[in-house]
Amino acid sequence: MDSETQSFETLISNNLSGRDLEEFNRIYFGRRDNHEVRVKESSAAAAREANFEIAAYAFPAKKEHTRPPRIVKVGIIQHSIPAPTDLPINDQKTAILEKVKKIIDVAGQEGVNILCFQELWNMPFAFCTREKQPWCEFAESAEEGQTTRFLRELAVKYAMVIVSSILERDEAHADILWNTAVVISDTGNVIGKHRKNHIPRVGDFNESNYYMEGNTGHPVFATRYGKIAINICFGRHHPLNWMMFGLNGADIVFNPSATIAADAGSEYMWNIEARNAAITNCYFTAAINRVGYEQFPNEFTSADGQPAHKDLGLFYGSSYFCGPDGVRCPGLSRNKDGLLIGVLDLNQNRQIRDRRCYYMTQRLPMYVESLSKVVELDYKPQVVHEKDGK
Ligand SMILES: NC(=O)NCCC(=O)O
């Protein structure tokens with residue numbers, strides 16, 4: 001699919017209809033009817049005006065006798081960078097904040113309770129360049145930086161929890177950088193932060209030149225609306241990363257990402273990974289990707305003998321939600337900004353756990369024993385060979 005392809009879903013709906021489309025939906029998404037939820041006319045109008053897509057889907061649970069429903073409205077935003085990357089840093093950042101504020105306002109009007117952006121949403125994804133200047137200047141304090149201050153106000157205004165993935169400047173520790181998700185409460189306080197656990201070393205994703213693997217473990221943040229966690233981008237290839245957030249009690253795990261169609265990002269894997277994590281860990285997942293091309297002033301190479309270039313390739317958007325039963329909703333487009341809203345009944349998590357018993361059958365002690373052997377220097381892989389060719 002090239003950058004002109006609007007989305008996987010439009011490819012399907014342009015070519016299937018009626019019973020065939022229903023059957024496709026049943027087999028691929030997990031349900032015939034996607035449970036689309038109507039957004040307010042004013043939200044649709046604001047989205048048209050600001051040129052972004054808006055869509056909402058419900059993920060209901062069965063009615064229970066002993067617990068009321070736990071319905072949470074969750075919003076995810078994907079967006080392209082609006083300003084050229086050769087503008088002064090502050091101008092670029094202001095342009096992004098102004099653009100995304102229009103989408104946040106619509107999320108607020110829709111009553112979104114928890115909102116999450118794409119990875120490093122307030123800057124271009126410049127790590128492909130390997131240049132330290134000027135890109136390191138985008139870094140900010142997680143607690144007191146411009147972006148957190150900007151979001152605190154909006155969090156209070158809309159009584160919204162906001163998850164904001166930024167390049168963190170750790171002033172308390174010699175000014176080093178981290179790739180950090182900041183969790184801002186609906187009270188405006190910073191509840192805490194999580195630093196990216198798995199840093200890519202693939203293709204043009206040269207992030208390891210800028211920051212190290214995170215040191216915050218697998219925190220789950222207890223918000224007014226539910227327990228949430230953040231598995232930042234490359235961590236989606238690591239099942240144990242997803243697993244730990246589940247073991248710590250997450251209801252919803254966000255996967256703010258910056259990924260491209262080429263091998264390094266692998267668009268065909270995007271649809272599977274956050275979905276598989278939702279299934280195996282019996283929680284909701286929300287996968288969020290950047291959109292568009294980001295052109296940098298200087299050429300860089302990929303160390304693969306191919307010509308130097310100035311962009312990473314297309315960030316293909318396609319953000320989506322998946323429920324603990326593995327049912328997912330249609331994704332946002334591949335080439336347009338968007339706000340996707342999931343109306344999630346968190347009761348579904350326990351209902352699926354009771355039904356499928358994946359936690360009960362997990363065998364953690366067996367894996368603890370095996371893994372503790374694997375990390376030993378003299379580990380011998382458990383491979384059984386045929387004896388003497390007999
Ligand atoms: N941002 C990031 O970790 N990207 C790495 C490529 C990928 O696996 O998506």
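**View A. The largest cavity of the predicted model.** Its volume is about 60 Å³. A search of the whole structure finds 1 cavity of 30 Å³ or more. The lining includes Pro200, Val202, Phe205 and Glu207. Cys233, Phe234, Arg236 and His237 also line the largest cavity. Ala258, Thr259, Ala264 and Gly265 complete the lining. By class, the lining residues are 7 nonpolar, 3 polar and 2 charged.

**View B. Helix 4 against helix 5.** Helix 4 spans residues 89-109, and helix 5 spans residues 146-157. Their axes come within 12 Å and cross at roughly 20 degrees. Angles under 35 degrees count as roughly parallel, so helix 4 and helix 5 are roughly parallel to each other. Their crossing is right-handed. Helix 4 makes the contact with Lys93, Thr94, Leu97, Lys101, Ile104 and Asp105. Helix 5 contributes Gln146, Thr147, Phe150, Leu151 and Leu154. The residues of this contact divide into 5 nonpolar, 3 polar and 3 charged.

**View C. Helix 1 against helix 2.** Helix 1 covers residues 8-15, and helix 2 covers residues 18-28. The two axes come within 9 Å. They cross at roughly 150 degrees. Angles over 145 degrees count as roughly antiparallel, so helix 1 is roughly antiparallel to helix 2. On helix 1, the contact is made by Phe8, Ile12 and Ser13. On helix 2, the contact residues are Leu21, Phe24 and Tyr28. By class, the contact has 5 nonpolar residues, 1 polar residue and no charged residues.

How values were computed. Residues are numbered from 1 along each chain as its sequence is written. This is a predicted model: local features need pLDDT of at least 70, side-chain atom pairs count only at pLDDT 80 or more; totals for chains, interfaces and linings use all residues. Side-chain values use heavy atoms; hydrogens and water are left out. Axes are lines fitted to C-alpha atoms, for helices over the stretch in contact, and angles run from 0 to 180 degrees between N-to-C directions. Helices (H or I, at least four residues) and strands (E, at least two) are DSSP runs, numbered from the N terminus. Angles under 35 degrees count as roughly parallel, over 145 as roughly antiparallel, 65 to 115 as roughly perpendicular and the rest as oblique. A crossing is left-handed if the near helix is turned anticlockwise from the far one by less than a right angle, and right-handed if clockwise. Contact means heavy atoms within 4.5 Å. Ala, Val, Leu, Ile, Met, Phe, Trp, Tyr, Cys and Pro count as nonpolar, Asp, Glu, Lys and Arg as charged, and the others, Gly among them, as polar. On a 1 Å grid over the protein atoms alone, a cavity is a set of points where a 1.4 Å probe fits but cannot get out, and a pocket is an open set with protein on both sides within 12 Å along at least five of seven lines; lining residues have an atom within 4 Å of a point. Grid points are joined across faces, edges and corners, and a volume is the space filled by probe spheres set on the points.
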